[in-house]
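Me: I'd like to learn how to read aromatic ring pairs in a protein model. Could you walk me through it?

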Amino acid sequence: MGKKNTKKDQLVRSGNDIIFPNNDLLAQLCGQFDKNLAYIENNIDVEFTHRGNVITALGAEKEFSFEVLDILFNRLLNGKAVSQIEIDATLRQFQSSDNSRENSTNIKAIYEIKTRKKLVEPRTEAQKDYIKSFMNNEMVFGIGPAGTGKTYLAVAIAASRFINGYVDKIILSRPAVEAGERLGFLPGDMKDKVDPYMQPLYDALNDFFPVKQLTRLLEDKQIEIAPLAFMRGRTLSNSFVVLDEAQNATAMQMKMFLTRLGEGSQMAITGDITQIDLQRGILSGLRNAESILKGVSGISFNYFTSKDVIRHKLVAKIIEAYALEESS
C-alpha cells in the first residue's frame, strides 16, 4: 500500500530545472548510469542534465518530459516500480491522448487489482476501460494483439474475485487447436497431454498465487485449467471463467462455451482475430460472437491495439508492420 503523498514530496519546477525532494527515489527514477533518462531522450526530443537532486531539460519536448518524470516519480512515491516497461507505457499514453496528464493520474486504485502476490494496475487507457467493463458486465470480450494484457488482466481479476470470496472457483480454458484430434497419440494421461497447451494460463496464475497455495487449489479443483472441449455439458456457476485464444474456437464451440454461464458467474473471452489457426473455411467463433452479440446488455466488447502492447517495445513495431502488410 503506497503512502499518502505530502507537499514535501512534490517536485519543484524552476525554469528548465526540476528539483527532486528525495535523492534515493531520484536515483531509482534515473536508473543506473542515468539509463532511464537516456531511454526517454532516445524516444522524444529532449536532453537531460542530472546534477545532484536537479534534472535540467532542454529541447522541443521538455514540457512533455517534465510531465513524464512527474508521473514516474509519483509511481516511486507510492511504492511502485519504474522500469523500461513503465516508461514506455507512460510515453505512449501521453502521445496517444490530448488529456494525457489527466488520464495518467486518474488511473487510480479503483482500477488496481490486488492478489496474494502482487498489485496489478492498468498501464493504458484501453486496459483501464477493460478492467472497468468487469465491474458492469457478466461477460467481457478482450480483442487485440498479443502482449496487450488481455488474458493477464482477466486472470488477475479472477484471482482477486476468488481471494475476496466473490466466486468459489476459477476456470481457465483455451482451445487445444494445435493438438487437433491427435491428443490420444500423445504420451501420458489427459493432464499430461493438454498441459503444454495450457502453460500460458499456469504462468499467469503463478504470478498471483503462492506456489503451495496454487498447488493445493489445483488439486482441490477450486482452480481448474482445461481444454475448451471439456466444457461441454457443464453449467459453470459461482465461477470466474476465462477463455483464452478464443479466435481458435469454432462458432459451434463458442456458442457451447458462452451458454455454460451459470448463476453468480462471470466470463472473460480473449483473443486476437489476426492469429486464427483454424483450417481454411472454418469460421472463427470469436468473429462470429462479435458480429452476433454486440449490443446485447450485460456483454462488453473491448479492443486493444499495438499502442497497448506492454512487452518489449519492438513487439508493438512488429505488430504494426504486419498489420500494414496485411492491409496493403
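**Reading the aromatic pairs**

Reply: Happy to! Tyr130, Phe134, Phe240 and Phe304 are linked into a cluster by ring pairs. Keep in mind that this is a predicted model.

Me: How many aromatic pairs does a search of the whole structure find?

Reply: The search gives 7 aromatic pairs. A pair of aromatic rings is described by the distance of the centres and the angle of the planes.

Me: What do the centres and planes of Tyr130 and Phe304 show?

Reply: Their ring centres are 5.2 Å apart and the planes stand at 85 degrees, so this pair is edge-to-face; the cut-off for that class is over 60 degrees. Tyr130 sits in helix H6 (residues 125-136), while Phe304 belongs to the loop between strand S12 (299-303) and helix H12 (313-327), 174 residues apart.

Me: And which kind of pair do Phe134 and Phe240 make?

Reply: Here the centres lie 5.9 Å apart with the planes at 35 degrees, so the pair is tilted. Because Phe134 is in helix H6 and Phe240 in strand S10 (residues 239-243), the pair ties together parts 106 residues apart in sequence.

Technical notes:
Residues are numbered from 1 along each chain as its sequence is written. This is a predicted model: local features need pLDDT of at least 70, side-chain atom pairs count only at pLDDT 80 or more; totals for chains, interfaces and linings use all residues. Side-chain values use heavy atoms; hydrogens and water are left out. Rings of Phe, Tyr and Trp (its six-membered ring) pair if their centres lie within 6.5 Å; planes under 30 degrees apart count as stacked, over 60 as edge-to-face and the rest as tilted. Helices (H or I, at least four residues) and strands (E, at least two) are DSSP runs, numbered from the N terminus.
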